Amino acid sequence: MRMLAQELVERAERAPDVVAVIDGEGEHTLRQVVAQAREIADLLEQVQSGPPTVLVQADNSWRTLAAAVAVGLRGGLIAVVSGHAARSEYELALEDIQPDAVIASPQALATWQVADASLPAAGEVLGGWPLRAAPGRTRGVERWDGGVVIAMTSGSTGRPKCVVQSESALRYAGRATIDAVGLHPGDPVGALVPLSSVAAFCFGLHLPAMLGSPMVCLDKWSPEDAVALLRDREVAWTMLVPTMALQLSLVAGSASALSSLKAMTVGGGPMNQRALESAERHLDTRFLRVFGMSECLGHTTPLPSDPVDVRLGRDGRPFPGTEVRVVDAHGRPVPDGEVGNAQVRGPSMFVGYARNGAPRPPELTPDGFLPTGDLGVINDDGTLTIRGREKQIIIRGGRNIDINEVEASVAAIPGIAQVCVVPVPDDLLGERAAALVVFAGAELGLDEVRDQLRAADVPKFKWPEFVYAVPALPQNRVGKLNRNEAVALAAQLATAAEASHGD
């Protein structure tokens, strides 16, 4: 984050009263943000020597930007984590990231049970947040191979992905988006998605800071508050998952409310062209349907000038310098128009996954492409269309839920003999998780299953939202689980339950 920190310090000297952040506490100038950043950097320097790796509770406020600048001033790496992370997730962060310091609210520190022995208190920053730091020499940042930011995000492996990204990747993805949308310095940029994700940190925090624009923050998701914020602050661009974008159009009084937007980028979950068209007409804006990954940030986008069937019916064109290809099971490129496995290569490729205090390099093809795990089609105009997933995951409101992990958690509950977790469609969230359960004894209801998962410290977003008791799981001819039939059965049960509830 050195380049970003240097730019903001220089800007603060030239124009200290320019607004850098607008959040729930009001407006915050460059002077104020940089002053807070220097306070953190000075305190870190007092207790540690060497560039640090700092684990920071990322909230959507001036605090996250100030912390990022502070870490940049020290030449370190910032690892962002949600304040809602469970203790088990914090412990995984300690194991994978091995931070030299932690900055978080008192409430988060209490939940995480941060050890005084390894991370003693060093002082307070950011208006009352404790800074906990291991005194002495830091582990250095050479171990991160050029990485400057890490975010824990839900993955398809059952373990959160600690994605390590470089500053050059952040700047490339941000600049490509700025050019595609047509943003200019001073254009307000909305930070509505939690900044604890890699994509939100890149496009919601780093992009506006690099551009020289105010970061307009929403601290907690509310469609009503989001509409008011985007309208009243005349935001020029923001990024949302499809669920959020569609929710905006359901807000009373939201007709033509987002006319200040040059565009809204939408990605991270299943998308329906008809629903997006209706929503953007109602809101008086333009959606840009994109495809990207934490591992290769935002690597496709359409343009605001593209026709609606391209903007909303496909998933964009690769950023300049990024390559996307579709291959068969043997890794051979397939002709345009044919479905295959999507792969990507480009300047926003990640450094690796943080494991045991260092990045584990990505598993690439011999010629440097990253398999995305998605099925796709390259269209004759060079756009990409995603046709589904290779992996067994559910995408609920833009968050990945590993089916195998949820099944293992539910199966561990006493009295459950078999379980199969499948997606059921949802108009707003895209997909929800349903568990088909074969009980060995008395049946448990949804609330009882969730109580058991809560007690096992399973993160709430991974809990199933439906539990259906079945006499047996669908099987194929050789006795293996038939997931296609399980999906169909769950859909039937969900429809029947909805009809029964309506009666």
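Predicted model: local features only at pLDDT ≥ 70, side-chain atom pairs only at ≥ 80, totals over all residues.
Residues are numbered from 1 along each chain as its sequence is written, and side-chain values use heavy atoms, with hydrogens and water left out.

Me: How many bridges join strand E28 to strand E29?
Reply: Strands are DSSP runs (E, at least two residues) numbered from the N terminus, and two of them pair if DSSP finds at least two bridges between them. E28 covers residues 416-426 and E29 covers residues 430-439, and the two run antiparallel. They form a hairpin with 3 residues between them, and Asp426 stands opposite Gly430 in E29. The number of bridges joining E28 to E29 is 10.

Me: Which element gives the most residues to the lining of the second largest pocket?
Reply: A pocket is an open set of points on a 1 Å grid over the protein atoms alone, where a 1.4 Å probe fits, with protein on both sides within 12 Å along at least five of seven lines; lining residues have an atom within 4 Å of a point. The lining includes Val424, Arg432, Phe466 and Glu498. Two or more lining residues come from each of E28, strand E30 (466-469) and helix H14 (483-502). The most, 5 residues, come from H14.

Me: What is the volume of the second largest pocket?
Reply: Grid points are joined across faces, edges and corners, and a volume is the space filled by probe spheres set on the points. The space in this pocket is about 240 Å³.

Me: How are H2 and H3 oriented to each other, roughly parallel, roughly perpendicular or oblique?
Reply: Helices are DSSP runs (H or I, at least four residues). H2 (residues 30-47) and H3 (residues 62-73) pack with their axes 8 Å apart, at an angle of about 50°. Angles under 35 degrees count as roughly parallel, over 145 as roughly antiparallel, 65 to 115 as roughly perpendicular and the rest as oblique. H2 and H3 are therefore oblique.

Me: Which residue in E16 is the bridge partner of Val266?
Reply: An open sheet of 7 strands with mixed pairing has the order E2-E1-E13-E12-E14-E15-E16, and its edge strands are E2 (26-29) and E16 (287-289). Strand E15 (residues 263-266) pairs with E16 in the parallel sense over 3 bridges. The partner of Val266 in E16 is Arg289.

Note on methods
Axes fitted to C-alpha atoms, helices over the stretch in contact; angles between N-to-C directions.
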